[in-house]
Amino acid sequence: MHHLKFKSCLADPDVWMRPALKDDGPEVYDYVLLYSDDALVISPNAEHILRREIWKYFGLKEESIGPPDLYLGGRLSLVMLENGVKTWGYSASQYVQAAVKNVEDYLASGKADMPWDKLPACAETPMQTSYRP
């Protein structure tokens with residue numbers, strides 16, 4: 001990605017960014033999120049970046065180029081904020097449901113060496129109440 005003038009984000013090395021200009025002039029950043037075989041481009045010129053730049057180095061399926069609907073197991077959707085700004089929303093519910101099913105299937109297989117044999121229906125808190133960072 002360096003040869004395409006993208007720099008990796010210090011906070012998350014799977015996020016790549018570079019300065020860009022919108023067609024009407026304001027400065028923005030192009031972002032490319034890469035994780036294993038998933039790529040998500042956030043840019044006013046996202047399709048150009050995928051078709052003219054990234055495709056030279058990564059194999060892309062034609063049907064995978066377009067507005068995103070799924071990334072890393074979560075659903076993406078274009079939403080309009082109350083102030084009229086369009087943005088992308090992300091819902092991890094599909095990913096979480098699949099993760100819970102995987103754990104339930106593993107517990108049901110009898111391979112789990114756990115003191116309990118099924119997931120609790122409801123947890124009071126995901127953290128111990130005595131936990132302190």
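Biologist: Leaving aside neighbours within four places in sequence, what is M1 in contact with?
Modeller: M1 is in contact with F6, W16, V32, L34 and F58. Contact means heavy atoms within 4.5 Å. This is a predicted model: local features need pLDDT of at least 70, side-chain atom pairs count only at pLDDT 80 or more, and totals for chains, interfaces and linings use all residues. Residues are numbered from 1 along each chain as its sequence is written, and side-chain values use heavy atoms, with hydrogens and water left out.
Biologist: Which residues make up the largest nonpolar core?
Modeller: That core has 12 residues: M1, L4, F6, W16, V32, L34, V41, A46, I49, L50, I54 and I65. A nonpolar core is a set of buried Ala, Val, Leu, Ile, Met, Phe, Trp, Tyr and Cys residues joined through side-chain atoms within 4.5 Å. Buried means under 20% relative accessible area, with a 1.4 Å probe and protein chains only.
Biologist: Which elements give two or more residues to this core?
Modeller: β3 (27-35) and α1 (46-53). α1 gives the most, with 3 residues. Another core, of 6 residues, lies apart from it; V15, L33, Y71 and L76 are among them.
Biologist: Switching topic. What pattern does the chain follow along the sequence?
Modeller: β-β-β-β-α-β-β-β-α. That is 2 helices and 7 strands. Both are DSSP runs, numbered from the N terminus: helices are H or I, at least four residues, and strands are E, at least two.
Biologist: And how much of the chain is buried?
Modeller: Buried residues make up 19% of the 133 residues.

Definitions and conventions
Buried means under 20% relative accessible area, exposed over 50%, partly exposed in between (1.4 Å probe, protein chains only).
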